[in-house]
Amino acid sequence: MKHLIIVLLSISASTLAFGQYDFTKNIYVEGFGPGLAWSINYDMRFAPDTKEGLGGSIGFGTLGPSFSTEGARVDLRITTIPVQVNYLFGKGTAALDLGAGVSPIFISYDGMGEFDFLGETYEIPQNGRTANAYGFLNIGMRLQPKGTGVLFEINYTPLITGIGVLPVW
């Protein structure tokens, strides 16, 4: 019983000590990045009381386009979950953002017919689901106020897929 009390007090003390630190956290919406069309993301620095250094983010993006041609129709639902580790270099309000990550991608589709693309004929199955993942790199500039406020960031994010690197995403 004495050991149990010591363990519980140790856990409580470490939780209180951890709670005293202020980790920089951001929630932001991103367009045409690792979440493809758009994503909402949560970003946090791993060191307390700083806006630079090692951190990470996780997001959620979705896209639901429909396509139709003369003999075919397809409705897509694409969901992405970009996960990234990044490092911010810089003091003050501006920082260089370098990162890398992976994003699972989930695709469901419903369609019918066939279509021609670059001289090949493709048949669209009635409906289905598939999942995959792609990697990505990130380099950009982050502008973040010293206190609270709006975060602004512009990045170059090439995607790394099974067919190669898509540098112009």
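This briefing describes selected strands, charged pairs and individual residues of one protein structure. The structure is a predicted model, in which local features need pLDDT of at least 70, side-chain atom pairs count only at pLDDT 80 or more, and totals for chains, interfaces and linings use all residues. Residues are numbered from 1 along each chain as its sequence is written, and side-chain values use heavy atoms, with hydrogens and water left out.

**Strands and their pairing**

- Strands here are DSSP runs (E, at least two residues), numbered from the N terminus, and two strands pair if DSSP finds at least two bridges between them.
- Strand β3 (residues 53–63) pairs with β6 in the antiparallel sense over six bridges; Leu54 has Tyr87 in β6 as its bridge partner.
- β3 is also joined to strand β5 (residues 72–80) by three bridges, and the two run antiparallel; here Leu63 stands opposite Ile78 in β5.
- Strand β4 (residues 66–68) pairs with β5 in the antiparallel sense over three bridges, with Arg73 in β5 as the bridge partner of Ser68.
- β4 and β5 form a hairpin that has three residues between them.

**The two faces of β6**

- In a regular strand the side chains alternate between the two faces of the sheet.
- Strand β6 (residues 83–89) has a covered face made up of Gln84, Asn86 and Leu88, while Val83, Val85, Tyr87 and Phe89 are on the uncovered face.
- On the covered face, Asn86 has a relative accessible area of 2% and is therefore buried (buried means under 20% relative accessible area, exposed over 50%, partly exposed in between, with a 1.4 Å probe and protein chains only).
- Tyr87 and Phe89 form a tilted aromatic pair, 4.5 Å centre to centre with 45° between the planes (rings of Phe, Tyr and Trp, the last by its six-membered ring, pair if their centres lie within 6.5 Å; planes under 30 degrees apart count as stacked, over 60 as edge-to-face and the rest as tilted).

**Charged and polar links**

- Side chains of opposite charge can pair when their charged atoms come close.
- The whole structure contains five salt bridges (a side-chain nitrogen of Lys or Arg within 4 Å of a carboxyl oxygen of Asp or Glu).
- Asp43, Arg45, Asp97, Arg142 and Glu153 are linked in a network of salt bridges.
- Arg45 forms a salt bridge with Asp43, their closest N and O atoms being 3.1 Å apart, and both residues are buried.
- Arg142 also forms a salt bridge with Asp43, at 3.3 Å between the closest N and O atoms. Arg142 lies in strand β9 and Asp43 in strand β2 (residues 38–45), so this pair ties together parts that are 99 residues apart in sequence.
- Arg142 forms a further salt bridge with Glu153, where the closest N and O atoms are 2.6 Å apart. Glu153 lies in strand β10, so the pair ties together parts that are 11 residues apart in sequence.
- The side chains of Asn86 and Arg45 are joined by a polar contact of 2.8 Å (a pair of N or O atoms within 3.5 Å; within protein, one must be able to donate a hydrogen and the other to accept it, and residues adjacent in sequence count only if both atoms are side-chain atoms).

**Two further residues**

- Ser57 lies in β3 and is buried, with a relative accessible area of 8%.
- Pro145 lies in the loop between β9 (127–143) and β10 (152–156), and its relative accessibility of 25% makes it partly exposed.

Key:
Helix = DSSP H or I, 4+ residues; strand = E, 2+ residues; numbered from the N terminus.
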